[in-house]
Amino acid sequence: MSYPENTAAAQGLALCHECHRLDPVERHHCSRCGAELHLRHPDCLQRTMALLITAVILYIPANVLPIMNTVQLGSGEPSTILGGVVLLIQLDSYPIAAVIFIASVMVPVAKLFAMFYLVWSAHRRDPGSPMQCTKIYRLTELVGKWSMVDVFVVAILVALIQLVGLLSILPGPAALAFAGVVVSTMLAAHGFDTRLIWDRTREKHD
Amino acid sequence: MAATAKVGEIAPRCRAIRPPVLKGRNSGERSWESLSVTEISNQTHTACEECDLLVALPVIQEGERAECPRCGHLLTARPRQGFERALSFALAGCVFLVISLSFPFLAFSSSGLENVMTLPEASLAIYRQHHAGLAAIIFVAIIALPIGLLAAIIVLTIPLVVGRRASWLPQVGKLMFKLNDWAMVEVFVIGAIVSLVKIAHLATVVLGLSFWSYIAFAICLTAALSGLDRMQVWQAIEANTA
């Protein structure tokens, strides 16, 4: 395939993804740090899609199963992610309800949609504005790890609230599934190569 | 030094390579005429990581940053005394990390019963409930990776600041930038604050020394990392090991 004229790839030069040195790709290994050189991440779209599909599958148990189980005086009360948000609203803790809702519900869903859109953009013949796609990508990378907040909340509550017989909190299976969603979307965003989108546009967007 | 071989011969007809957008205190005064490029060298050129535009890179001065002229991605920045800053904040971070691992993080009391948790227990308690996988993820994200990251920053910056040669710098450099992607110190801080509000109505919650110290640790880590730019670090490593 041919690359746009003003790119490094068109000159046969690859930017080392470890140390950001420019080297001819036929060297195969970076002359400074020894990492493998590629003009574009190999099999980028397939890998990203595989990780995104993993995230979608994990997202189902993450929301259907309980994320934690509150045992009060012997009787257990499991709660899901959304159930926790509803509970916080009932307790009038609106700011915290907003943090949990944004971090655990909105961001993962928005991230999945954004990544699917980016893969589709890199795949189709004439993507929209590459600048817009790049901005979406930057946002996706930026918010990546923040979805872990809910998992950490569960971890802290489980460690802290252990008054045996009176009140204790146990982790639910959704916590691991949700951590899996966060990790696989982070991997997907990390492995995605935005240069594929720029490759599809010729000089008109310059 | 074979490593800096000119690669000009493979770019015979590369015209109008653009300079980056320079930002910084004095950069407005620096004028830039379009380079008449005869050959491309990895000392004077780079490519944008996000859009692969070939950019002619000038020597970046302290306090300056260079952005891609097409997509605006940060190509490189040279913070003032970046390595010194990184080293000093990392050393301060070490002190805060030791404190936050040895004192109580939060204490919770209700109806005369009390429970105190330490930082490692955020992962240990999950492990005791037979969720080993989840416990491992949490341990790695909030304790193991931050410790590794801090150690890598210190081991990397000491030879660069002191000016001693160290042959293992490339390995440490690679490791540091990898760990940086996955450490979740600041996310855990927000998680702790959210849990506080969640249980404040249930009982009395006391913030331990470890809690404050972990916040200080998060700030130190962020400040240390802000002094380390990938391209500048690797140029320094190259100069050190050459």
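**Entry 1: chain B as a whole.** I began with the contacts in chain B between residues at least 6 apart in sequence, and found that 66% of them join residues at least 24 apart. I kept in mind that this is a predicted model. Next I listed the elements: chain B has seven helices and eight strands. I also looked up burial, and buried residues account for 40% of the 242 residues in chain B.

**Entry 2: the sheet with β1.** Which order do the strands take here? I read it as β1-β4-β5 in chain B, an open sheet of three strands with antiparallel pairing. At the edges I noted β1 (21–23) and β5 (74–78) of chain B, each of which pairs on one side only. On average, neighbouring strands of this sheet are turned by 15 degrees against each other, direction ignored. I then followed β1(B) to strand β4 (residues 64–67) of chain B and found three bridges joining the two, which run antiparallel. For one residue I wrote down the partner: V21(B) is bridged to E67(B) in β4(B).

**Entry 3: a loop residue.** I stayed with chain B and looked for P58(B), which sits in the loop between β3 (54–56) and β4 of chain B.

Entry 4: My next stop was the open sheet of three strands in the order β7-β6-β8 (chain B), where the pairing is antiparallel. Why is one side of β7 and of β8 left without a neighbour in the sheet? Because β7 (113–118) and β8 (204–207) of chain B stand at the edges, each with a single partner strand. Neighbouring strands of this sheet are turned by 15 degrees against each other on average, direction ignored. Between strand β6 (residues 104–110) of chain B and β7(B) I found six bridges, in the antiparallel sense. There, S110(B) stands opposite L113(B) in β7(B). I also noted what packs on this sheet: helix α6 (residues 209–226) of chain B, which touches β6, β7 and β8 of chain B. The direction of α6(B) makes about 140 degrees with that of β6(B).

**Entry 5: a helix pair in chain B.** I turned to helix α1 (residues 82–102) of chain B and α3(B), whose axes come within 9 Å and cross at roughly 140 degrees. That angle makes α1(B) oblique to α3(B). The crossing of α1(B) and α3(B) is left-handed. Among the residues in this contact I marked F83(B), L87(B), L91(B) and C94(B) of α1(B), and I147(B), L150(B), I154(B) and V161(B) of α3(B). By class, the contact of α1(B) with α3(B) has 14 nonpolar, two polar and one charged residues.

**Entry 6: a helix pair in chain A.** For chain A I looked up helix α1 (residues 44–64) and helix α6 (residues 173–191), which pack at an angle of about 160 degrees with their axes 8 Å apart. This angle makes α1(A) roughly antiparallel to α6(A). Here too I checked the hand, and the crossing of α1(A) and α6(A) is left-handed. On the α1(A) side the contact includes R47(A), L51(A), L58(A) and Y59(A), and on the α6(A) side F178(A), V181(A), S184(A) and L187(A) are among those they meet. I counted classes for the contact of α1(A) with α6(A): 15 nonpolar, six polar and one charged residues.

**Entry 7: one residue in chain A.** I picked E141(A), found in helix α4 (residues 130–143) of chain A. E141(A) is partly exposed, with 16 other C-beta atoms within 10 Å. From E141(A) to S75(A), 66 residues apart along the chain, the C-alpha atoms are separated by 41 Å.

**Entry 8: where the chains meet.** How many residues does the contact take from each chain? I noted 56 residues from chain B and 52 residues from chain A. The elements giving two or more residues to the side of chain B that touches chain A include β6, β7, α3 (132–162) and α7 (230–241) of chain B. The largest share of that side, 10 residues, comes from α5(B). By class, the side of chain B that touches chain A has 33 nonpolar, 13 polar and 10 charged residues.

Technical notes
Residues numbered from 1 in each chain as written. Chains lettered and ligands numbered in written order. Predicted model: local features only at pLDDT ≥ 70, side-chain atom pairs only at ≥ 80, totals over all residues. Axes fitted to C-alpha atoms, helices over the stretch in contact; angles between N-to-C directions. Helix = DSSP H or I, 4+ residues; strand = E, 2+ residues; numbered from the N terminus. Parallel < 35°, antiparallel > 145°, perpendicular 65-115°, else oblique. Left-handed = near helix turned anticlockwise from the far one by under 90°. Contact = placed C-beta atoms within 7 Å. Nonpolar A, V, L, I, M, F, W, Y, C, P; charged D, E, K, R; others polar. Pairing = 2+ DSSP bridges. Buried ≥ 20, exposed ≤ 12 C-beta atoms within 10 Å, placed from the backbone.
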